Amino acid sequence: MTTLPRQRGLTEEAADTAIDTACRLLRLPSIRNEFNEIADRAVKDQMTYRGFLAELLMTECDDRARRRSERRIKAAGFPREKSLRMFDFDANPNVDPATVHTLASCEWIKKGQPLCLIGDSGTGKSHMLIALGTEAAMKGYRVRYTLATKLVNELVEAADEKQLNKTIARYGRVDLLCIDELGYMELDRHGAELLFQVLTEREEKNSVAIASNESFGGWTKTFTDPRLCAAIVDRLTFNGTIIETGTDSYRLASTLARVEQPATAN
């Protein structure tokens with residue numbers, strides 16, 4: 001067992017060494033890294049002992065919260081970084097900022113409600129899906145992002161390897177499952193049924209958020225069995241929020257605007 005020498009009248013150098021050793025033993029990396037700066041500020045601002053101690057402890061707490069958020073965001077598997085701050089609401093008037101910022105509070109995740117983002121390519125639905133998923137991870141929720149086809153392929157492989165129940169349970173445990181690009185490819189009946197099992201596992205317990213380029217009426221091209229299609233739509237819309245991002249690609253419009261600018265200047 002490692003013990004630290006405890007004596008009065010330590011020199012500044014000895015005190016720094018003792019603090020460094022104690023922080024290592026107690027696993028307080030933020031205090032260890034920022035102690036000197038906080039101590040100097042405490043002297044300058046004439047902090048009380050209690051104020052100084054509170055500043056040290058809050059520094060450690062804040063840094064641990066930040067690292068936990070970073071781990072949850074990394075575990076979610078987002079393909080790229082997106083935030084609501086980066087979303088251009090002016091470029092897409094179909095999207096109501098108030099609705100999106102209400103979703104960012106994550107009350108719908110707390111209630112286990114679904115979210116559907118429907119619109120053509122370039123209208124911002126994947127951006128919002130990732131951004132809202134990131135908000136959820138930052139607020140302490142367990143989040144998982146996946147492409148629809150990747151999820152179905154994983155389920156099919158799990159079924160072949162007799163690991164289906166384990167895989168479905170793993171997807172069932174996360175607080176928010178984000179499924180992107182639903183509707184881009186036709187799914188065979190077996191794949192659609194496996195996806196339906198995942199949705200059923202999560203129904204009214206944990207939230208599902210999807211992004212699709214097809215309106216619900218066009219989902220029969222993805223889920224070719226009409227009854228199964230209707231059941232999946234029901235699972236994804238009951239007590240949920242539906243945001244239609246429209247058909248005009250602001251991503252394309254932005255690209256064309258950049259191309260036209262030099263021509264206009266000439």
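What covers the buried residues of α8? In this predicted model, the cover includes β2 (143-147), α7 (148-160), β3 (176-182) and α9 (189-202), where contact means heavy atoms within 4.5 Å. Helices (H or I, at least four residues) and strands (E, at least two) are DSSP runs, numbered from the N terminus. Local features need pLDDT of at least 70, side-chain atom pairs count only at pLDDT 80 or more, and totals for chains, interfaces and linings use all residues of the predicted model. Residues are numbered from 1 along each chain as its sequence is written, and side-chain values use heavy atoms, with hydrogens and water left out.

Let us stay with α8 for a moment. Within this helix (residues 164-173), L164, T167, I168, Y171 and G172 are buried. Seen down the axis of α8, these buried residues fall within an arc of 140 degrees, so they line one face of the helix; the arc is that of the directions from the helix axis to the C-beta atoms. N165 and K166, on the other side of α8, are exposed. Here buried means under 20% relative accessible area, exposed over 50%, and partly exposed in between (1.4 Å probe, protein chains only).

Now to the sheet. Five strands with parallel pairing make an open sheet in the order β2-β3-β4-β1-β5; two strands pair if DSSP finds at least two bridges between them. β2 and β5 (241-246) stand at the edges with a single partner strand each, so one side of each is left without a neighbour in the sheet. From one strand to the next, the twist averages 15 degrees. Axes are lines fitted to C-alpha atoms, for helices over the stretch in contact, and angles run from 0 to 180 degrees between N-to-C directions. Strands β1 (residues 115-119) and β4 (residues 207-212) pair in the parallel sense over four bridges, and L115 has A209 in β4 as its bridge partner. Helix α6 (residues 125-138) packs on the sheet, touching β1, β2, β3, β4 and β5, and its direction makes about 170 degrees with that of β3.

How about the cysteines? With a disulfide defined as a pair of cysteine sulfur atoms within 2.5 Å, the count comes to zero. The sulfur of C178 is 10 Å from the closest cysteine sulfur, in C106, too far for a bond. C178 is buried, with a relative accessible area of 1%.
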